[in-house]
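The following note concerns selected side chains and their surroundings. Please read the points alongside the sequence and the structure.

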Amino acid sequence: MTSPTAEAADFRPDGSPAAPKGPGAAETVGLGPALAPDKLLAHGALLRRFVDGDRLRPVHLRLALAPDGTGSTPSTGLATHDAVRLLRGFADAGGRAVSFRGGGEPTAHPGYAAVCDAGHEAGLRLGLVTDGVRLGRPDVAECVASTHTWARVAFADDATLLDDVGRLRQSAIDPDFRIGFHYVIGARNRTGILRAARAARGAGAHYIRFETAPGAHDGPGALDATAAPDATAALTEAALLVTRDFEVHLAPHDRDHPANGRFHRCHYSRFTATVGADGHLYPCPQVRTDSHYRTGDVVADGWAEALDGDARAAWEATDPLGTERCGSCFYRPQNELLEQLRAGHGPASEYATEVPSTLHADFV
């Protein structure tokens, strides 16, 4: 059998294949636009307020319930009652979606189900980034199936994990529910790319997303693991596995490139915010472990009060590219897009109306 050519693995800028490759394929999973930085354009009313200079409150919250280094064992972190109060305050202030991610394994938090139930009851859409180890537990599986909109699972070639993912796809209540795998490509696991894609599809996952290990593109002469011949060939073949029910994505490398100075404010943190397991507000997950980037204490002061506080106002007036950890901004495409819109150079006609059909649009 002849291997597919490199041209066959033609990925869009959002990291999805340019066209379905499998027999009878027709993209119905719909995660390409949902993973793209320009998903912000689906929020016309918010963008018009942003362009007009109105003060915004984030609609998407990334929440680390457990501290770093906890793995899959129960741990302390943000207290359950504090997390519940936070989500209710976030919803009351116009919040729409919460992603549980960062720090330790979210599902290891002893109050995970209670926190999710409270958020769901408040009308929030919930997402989860997980190692997947606890997805087979009845309490966690029932919580995810009944309250979540999506779950992204670190890939492991483990039959139990693969079965758990397949069961969740079948049992989830939200019609927009998507569950899939995240595979970080490094020098030592490039040979597992195709096997992982086949396993993900066989398990019944909606997708698998490949991404180069953080820092793989830093510095002159750094190796891009996806550019190695064996990785390129494997990604090419993996793209052929796409069907109407399964997608393959390749994460763009934008976050690995140094910021090029085309934005001078952290506009993105007006639309989304991060709260760490320490109860402090941060602009984004990239700086969540650095106390210098704290912009409020949501436990001590409350969500609305922290947003309106002096620390957050000072951050909004700061040029992030002049700070230590923002020189290589994870969210550079979003910030550049927003800077262009604010300057009147962006695609204003594209956000004349809301676009509710964009999958998972509230997770900006």
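1. Buried is used here for a residue under 20% relative accessible area, exposed for one over 50%, and partly exposed for one in between (1.4 Å probe, protein chains only). H120 has 38% relative accessibility and therefore counts as partly exposed.

2. The model is predicted: local features need pLDDT of at least 70 and side-chain atom pairs count only at pLDDT 80 or more, while totals for chains, interfaces and linings use all residues. Residues are numbered from 1 along each chain as its sequence is written, and side-chain values use heavy atoms, with hydrogens and water left out.

3. Helix α4 (residues 112-121) contains H120; helices (H or I, at least four residues) and strands (E, at least two) are DSSP runs, numbered from the N terminus. Leaving aside residues up to four places away in sequence, H120 touches L126, S146 and T147, contact meaning heavy atoms within 4.5 Å. Between H120 and L87, 33 residues apart in sequence, the C-alpha to C-alpha distance is 9.3 Å.

4. Rings of Phe, Tyr and Trp (its six-membered ring) pair if their centres lie within 6.5 Å; planes under 30 degrees apart count as stacked, over 60 as edge-to-face and the rest as tilted. The count by this rule is ten aromatic pairs. One of them, Y183 with F210, is edge-to-face, at 5.4 Å centre to centre and 65° between the planes. Because Y183 lies in strand β5 (residues 178-185) and F210 in strand β6 (residues 207-212), the pair ties together parts that are 27 residues apart in sequence.
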